[in-house]
Amino acid sequence: MQAELTEDEIITESNQNVLKDIIKNSDDFNIRALACRNPNLSDEAFLEKIALNDTYESVRISCLKNPNLSDEKLFIDVGLNDSHHSVRLEAISHITDENTLVNIFHTDSVGYLRRKACKQLKNTKPDSIYLAGENVIANIEDEDLLVELGKKSLRKKSRICAINHLNNELALYKIVLHENDSEIACKAVENIKNEELLADIACNEIYWQVRCEALRNPNLKNCSILAEMAFDEDNSEIRKSAVLNPNFCDKKLLEKIAEDDNDFNVRMAAKEKTNSN
């Protein structure tokens with residue numbers, strides 16, 4: 001049986017069969033990681049299998065660092081799906097595909113990985129439209145491109161700029177439905193005029209801030225919905241937003257809210273509106 005190699009010997013070992021044997025059989029994951037990084041290990045299929053399936057993240061990372069591994073599809077797979085953030089970080093540093101980096105920026109749960117994806121896009125595609133500033137976005141007339149940038153630009157101000165230039169209300173509505181950033185969703189709601197869409201958002205949206213924006217929108221004129229939101233909602237900000245809608249003008253209802261609501265700010269909003277009418 002061959003004697004175990006030292007760390008220095010593993011680093012300089014030129015026989016890839018020896019390196020494979022270490023990776024397959026050693027109980028020391030640090031030793032296995034060293035073998036994976038050795039540039040004399042050039043079997044890409046073997047490296048890919050270890051990068052995708054090894055139990056230890058340090059071993060998977062070392063495989064990704066091996067200079068002989070070049071299949072971007074593998075890096076994309078790992079960057080999107082590996083369970084450990086450190087492994088995804090290493091994979092992201094090898095990705096050049098624009099759509100994948102944009103996707104990671106918007107979907108990865110780890111902040112520094114999103115920042116890494118942004119930095120990688122700047123390094124590999126510095127002219128990407130997803131990095132464009134407001135001055136560029138403001139001159140775009142293609143509605144489909146504006147929709148795309150409203151959803152996926154890596155700059156928040158650019159997303160808002162794209163949304164503000166959109167005339168497609170159904171596209172704005174879809175942005176609201178799928179957006180996790182309430183500020184972005186609220187900007188989309190501001191630009192919606194269709195009352196049915198606003199009513200649906202006011203009644204069913206997950207984020208209360210977005211529901212408030214829909215309720216304050218003057219294009220929502222359904223007084224039954226406004227009255228229901230003003231009286232029956234548990235969230236005081238939602239009740240207040242319904243009261244503040246300029247189309248909610250029933251003096252008797254406003255007086256009742258001003259008298260009976262359990263929140264001071266809601267009562268004051270109703271009282272001020274009653275007095276102004």
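Start by selecting helix H16, residues 208-216 (helices are DSSP runs of H or I with at least four residues, strands are E runs of at least two, numbered from the N terminus). Val210, Arg211, Cys212, Glu213, Ala214 and Leu215 are buried here, where buried means under 20% relative accessible area, exposed over 50% and partly exposed in between, with a 1.4 Å probe and protein chains only. Show the neighbours too: the buried residues of H16 pack against H13, H14 (182-190), H15 (195-204), H17 (223-232) and H18 (236-244).

A quick note on what you're looking at: this is a predicted model, where local features need pLDDT of at least 70, side-chain atom pairs count only at pLDDT 80 or more, and totals for chains, interfaces and linings use all residues. Residues are numbered from 1 along each chain as its sequence is written, and side-chain values use heavy atoms, leaving out hydrogens and water.

Next, pick Asp261, in the loop between helix H19 (251-260) and helix H20 (264-276). Is Asp261 buried or exposed? Asp261 has a relative accessible area of 12%, so it counts as buried. Draw a distance from its side chain to that of Arg239 and you'll find a polar contact of 2.8 Å (a pair of N or O atoms within 3.5 Å; within protein, one must be able to donate a hydrogen and the other to accept it, and residues adjacent in sequence count only if both atoms are side-chain atoms). Leaving aside neighbours within four places in sequence, Asp261 is also in contact (heavy atoms within 4.5 Å) with residues including Ala230, Lys256 and Val266.

Now jump to Leu131, in the loop between helix H9 (111-124) and helix H10 (134-137). Leu131 is buried because its relative accessibility is 8%. Not counting residues up to four places away in sequence, Leu131 touches Cys118, Leu121, Lys122, Lys125, Pro126, Leu154 and Arg155.
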